[in-house]
Amino acid sequence: MKKILVTIPFIALSLYSAAQQKINPVIDQKVKTLLSKMTLEEKVGQMAQITMDVITNGKDRFSSYEPVALNQQQLEHALVKYKVGSVLNTANNRARTREVWHQIINKIQETGKGRLNIPVLYGIDAIHGTTYTADATMFPQQIGQAATRNRTLVYKGAEITAYETRASAIPWNFSPVLDLAPDPRFPRQWETFGEDTYLISELGLQMVKGFEGDNIADPYRVASCLKHFLGYQVSVSGKDRTPAYIPDHVLRDYHLPPFKAAIEAGAHSIMINSGIVNGVPVHANYNLLTKLLREELGFKGLIVTDWADIENLYARDRVAKDHKEAIMLAINAGIDMSMIAYDYERFCDNLIALVKEGKVKESRINDAVTNILTLKYKLGLFEKAVHSLKQYPKFASKEFEQAAYQTAAESITLLKNTNNQLPLKKGVKLLVTGPNANSMRTLNGGWTYSWQGEKVEEFAAKYNTILEAVTLKAGKENVSFVEGVTYKMDGKYYEEFENGIESAIEKAKNVDAIILCLGENSYTESPGNLSDLYISDLQTQLALKLAATGKPVILVLNEGRPRLISKFEAQMTGVLQTYLPGNFGGDALADILFGEVNPSGKLPYNYPRYPNSLVGYNHKPAENRTVMEGVYNYDAEYNPQYEFGFGLSYTNFKYENLKLSAEKISANQELTVSIEITNSGNREGKEVVELYLSDLYASLTPDSKRLRGFEKINLKPGEKQTVTFKLNKNDFSFTHLDNKAVVEPGEFSVKIGSLSKNFFIE
Ligand code: BGC
C-alpha cells in the first residue's frame, strides 16, 4: 500500500471555489421581520406545495375540465384557509399558452398573498426548454447537450429556457438533473449529462449559471433546482425509485461533485432523490440532508421533496407507520417544502399537530420558512410576481430557434461511417424508414408539452420530422418512405398492413441508400422501466432484412438510452446517434447527412454491446479480464459497442506533441498539459479534445481512467491549435474509506487521443 501523502479534508475543498449564494443582509432582515409576524398555520402553509389540478374546475383533484379555469372555492380553501405557499405543474398534464399561464398565475397571486402579502412560488419542470408552454423553444434533452461538450451552448440553452419560463410567469425551474447516470437500464438516463462526474459538473454549472444569471430577481432569469439529491440513478434493479446501495466514499467521489459545484456557484434550490440509499429513503435521511448538504456543503437554499415523497415514506417504503410519522421524519431530516401534491390538508394539519406535540421543533419550521421566504424575496416576487407579456419579445424567436438547432447539430454523434458513405451525394435516391422516421414525439422524448411526451404531435406539427427534413434537403422525387415497423401507444411495436417490413424491402430495391430510423418512443420515470435492453425485436428484424438487400443502410438512432444493436450493427454501413435532439433535430440530422454540418458530438456514456456487460468507461482493472489460464475464457473483456467520448468527424484530426510541465511534482503542485491538434483533412470541423488521467496504483483499486478536462475547438483544414489543461490536487485525488480526499504518491498517466505520458507525484 502506498503512503498517504496529502489528505484534503472534504470541507476544505470548497474554500477554493467561488462563494455560495450571496448573503443579502437586507433580505435577511425582511425575512426575520416577516417571520416574526407569522402564525404557525401561516408558516406550515408556506411549506406546502400543491399541483395545479387541485385548484381548478374539475370532477376531482386529479384532473381539470377544459378549457382550464381556476375554481375560486378550491383556490381559497388551499391558498387562504390553508395558506399554501407554492403551486407546481400544469393542469391535465398539458402545455398551455403564455396567455393562459399569465391569467392563471396572476389569479393565484391575487388570491394567495393573504394578510401578509406573501407571493406564491410557482414551480415547473422546464427540462429541455419550457416544457409546458406552447411554442416554447425545445432544445436537445440533457443527454444530447452532454454530447456537444460545448459549455457555451449549454449556458445559452438554459438562458433561453429561463427567459421563456419567466415569460410564462413562472420563476422556479426544477432543473438541471445532476444525477450520475452510468446505467442504461434506468428510465431517466436521457435527463442527465451521462455517466461521468466531471462532465456533469462542468455542464451542470453552465446550466445553473444560464438559469440564474447574477441575480434571480432579473425578469429573464429563474431559480434553478438541482436534482435528485443524491444517488438516484444507480438502483440495483435498474428500475425507477428502487433501492441503491452506495458506499459513502463512492457517493462522495462520483455522485456528490456535480451538486457541490452547482451549490458553490450559488444554486438556489435542490430536490431530493425519491429513492432509497443504503436502506434509508433519502427523504428521511438526516445524514444526507442536514449533516452533508446543510452542514458540510453549507447549502443555504430551499430543499424541496420530489412528488409525494413524504407520503412514500409510509405508503411505499414503510419506514413510517402513518402519514404523520412520515412528515415528522422528513421535516426533522431537513425538508423545507413538501411537493405534496394533492392532500395538503393532511400535511398541514399533521405538521401543526407535530409542532404542538413537540415532535417537530418550531425552530426547524422557522428555518424551513426562512429558506422559502428568502427565495421568494430573492426572486423579486414581493415587488412583482408576474411581469408583463410584452416584456418578452424574443419568446420563440428565430434567434432562440437557431440556438436550439445549433445545439442539436453539435450533439449528433457519428459512430460509424464505412467507406465514407457519409456525407451523402446530391441526387442520391433514398428510402427513409423505421418507427422514428416521421415522429416529432420521438425526437423530443418525455417532458415535452406533457410529462410522457405523448402530446408532442399536437404541439409540434410545424417542425420537421427526420423524413420531412431529409425530403426538403434531397427533393421529393428522391425520397420514398415506409414506416416498416410502427409504434403503438401501449409501448409495443407492430407491423401495419402495407406499411410493414416487406413493403420497406420492396421500396429499398429502387434506392441508392436507406436511412433507417430506429430507437425508442417517449417516456420518463417509472413508465419507462425496462426489462430488455436490446432494441425491440421487430426493429432488429427490419434492420437485418434491409441490410440483406445489399443496399447501404445508415442507421439513425433516436433514443433516450443506448438500446443494444449488436445483433445487426456489423451489417450497418453508417451509424448516427441523435439522442433526443428536440424540435430541430430532424433539420440538424439532414444537414449532417448531406455534409452541410460536420458532426462533432461525442458519446456521454458507454454504448454497451451486451446486456450483461454494462461497465462504464472508467471501469476497474478487474472489469477488463480476457483469457484465463488454459482453455477457459473469462468473457469479462471490456468491449463496449462504442466507448464514452467516441464520435467521428468528416475530417481528420492529428494529435501530436503531448507535453507535461514536469515529470515529477508534489501533490500540491499544478501540472500543465499541452497538446497540438491539426485538422489534417479537407473540411472544417469541430473537435472535442479530452484529457483522461489514470492513477496507476492506489490503495483502493483505481479507475482505469477518469475524464479530467475537455475543450471543444474549431479548425479549418490545415489549421493547428495548442490546447492546454491544468491539473491540480483535486484531479489527482480520490476519496478514501474514511471519506477524505487523498492524493497518493506514485505514477500517473495522462492520455489525450491516442497519446499518453506518465508523471510521478512524490
Ligand atoms: C420527478 C421530478 C419532477 C417532479 C415534478 C417527479 O415525479 O421525479 O424530476 O421535478 O416530479 O414534476
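## The ligand and its shell

An oxygen atom of the ligand sits 2.8 Å from an N or O atom in the side chain of His 228. The protein covers 95% of the 310 Å² of accessible area that the ligand has on its own (Shrake-Rupley areas with a 1.4 Å probe; for residues, only the protein chains shown count as cover).

There are 13 residues around the ligand, and Asp 125, Arg 188, His 228, Asp 306 and Glu 525 come nearest (a residue is near if one of its heavy atoms lies within 4 Å). Sorted by class, that shell has six nonpolar, one polar and six charged residues. Here Ala, Val, Leu, Ile, Met, Phe, Trp, Tyr, Cys and Pro count as nonpolar, Asp, Glu, Lys and Arg as charged, and the others, Gly among them, as polar.

## What you're looking at

This is a predicted model, where local features need pLDDT of at least 70 and side-chain atom pairs count only at pLDDT 80 or more, while totals for chains, interfaces and linings use all residues. Residues are numbered from 1 along each chain as its sequence is written, and side-chain values use heavy atoms, with hydrogens and water left out.

Helix α13 covers residues 344–356 (helices are DSSP runs of H or I, at least four residues, and strands are runs of E, at least two, both numbered from the N terminus). Among the buried residues of α13 are Tyr 344, Phe 347, Leu 351 and Val 355 (buried means under 20% relative accessible area, exposed over 50%, partly exposed in between, with a 1.4 Å probe and protein chains only). The buried residues pack against α3, β2, α4, α12, β11 and α14, with contact meaning heavy atoms within 4.5 Å. Just after α13, Gly 358 takes a positive phi of about 80°.

One of those partners, α14, runs over 362–378. Its 17 residues should span 24 Å, and its end C-alpha atoms are 24 Å apart, so that agrees too. Because 12 of the 17 residues are buried, α14 is largely enclosed by the rest of the structure. The buried set includes Arg 364, Asn 371, Lys 376 and Lys 378. Just after α14 comes Gly 380, with a positive phi of about 75°.

## A buried arginine

Arg 151 is in helix α7, residues 151–166, and counts as buried because its relative accessibility is 18%. Its side chain makes a polar contact of 3.0 Å with the side chain of Glu 202 (a pair of N or O atoms within 3.5 Å; within protein, one must be able to donate a hydrogen and the other to accept it, and residues adjacent in sequence count only if both atoms are side-chain atoms). A polar atom of the Arg 151 side chain also lies 3.1 Å from the backbone oxygen of Phe 710. Not counting residues up to four places away in sequence, Arg 151 touches Tyr 198, Glu 202, Leu 203, Gln 206, Phe 710 and Glu 711.

## Phe 62, out in a loop

Phe 62 is in the loop between β2 and α4 and, at 52% relative accessibility, counts as exposed. Leaving aside neighbours within four places in sequence, Phe 62 is in contact with Asp 53 and Tyr 342.

Methods. The expected span of a helix is 1.5 Å times one less than its number of residues.
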